[in-house]
Amino acid sequence: MSNHDQEKNHRPVKRNEMSRRQFLSYTLGGATAFMAAGVTLPMIRFAVDPILKKKSESTWVKVVEEAKVTNEPQEFKFNIHQIDGWYVSDPEQTAWITKDEQGNYFALSPVCKHLGCTIGWNTEKNNEYVCPCHGAHYTMDGKNLSVAPKPLDEYDLKVESGWIYLGPIKANTRV
Ligand code: FES
């Protein structure tokens, strides 16, 4: 064998594998990133979760005994439990509840559909809802007669075991 051949045979094999240093740095880097994600992601989730959630669904609120509701609208107050992100509150609500001639109960929102003042029943002795701010008038069913562009909103209503329960506000279904 010539010298040249011997040199050729002893030339170090060129390795394509990564060095030990590279291997360690990739492994440690990956493990660190994994652990950082494990700590950070739950924190982000914890911080934004209440914002991502929808406002808590309103549930039915027990408002008044069926027997107390008459053909004349009456004002009833009740509280709703509301969770909006981090903010929890129990705001007071008002509903005007009436029994119609067929014996069906309905509940109207007191918020005037003109600019949001609070209406009152029969304040002008004309059997209508009247708004004190700019004089909107509504029928007993909440139909807008003047000034306001829309009928009064209505609450979802159900009767259970002699009690009237109110749910979310919706557009008036009676007019
Ligand atoms: S807010 Fe009721 S009439 Fe204007």
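In which loop is Lys125 found? Lys125 sits in the loop between β7 and β8. The model is predicted. This briefing covers strand pairing first, then backbone angles in the loops.

**Four-strand sheet**
- Strands β7-β8-β9-β10 form an open sheet in that order, with antiparallel pairing.
- β7 (120-121) and β10 (144-146) are the edge strands; each has a single partner strand, so one side of each lacks a neighbour in the sheet.
- Inside this order, β8 (residues 129-130) and β9 (residues 137-138) run antiparallel and are joined by two bridges.
- Val130 faces His137 of β9 across this pairing.

**Pairings of β5**
- β2 (residues 74-79) and β5 (residues 92-99) run antiparallel, with six bridges between them.
- Asn79 has Glu92 in β5 as its bridge partner.
- β5 also runs antiparallel to β6 (residues 105-108), through four bridges.
- Here Lys99 has Tyr105 in β6 as its bridge partner.
- The hairpin of β5 and β6 has five residues between the strands.
- Gly103 in this hairpin has a positive phi near 85 degrees.

- Most residues other than glycine have a negative phi.
- Lys125 has a positive phi, near 55 degrees.
- Lys125 counts as exposed because it has 7 C-beta neighbours inside 10 Å, and the cut-off for exposed is 12 or fewer.
- Ser161 also has a positive phi, near 50 degrees.
- Ser161 lies in the loop between β11 (154-160) and β12 (163-170).
- With 8 other C-beta atoms within 10 Å, Ser161 is exposed.

Notes. Residues numbered from 1 in each chain as written. Predicted model: local features only at pLDDT ≥ 70, side-chain atom pairs only at ≥ 80, totals over all residues. Pairing = 2+ DSSP bridges. Buried ≥ 20, exposed ≤ 12 C-beta atoms within 10 Å, placed from the backbone.
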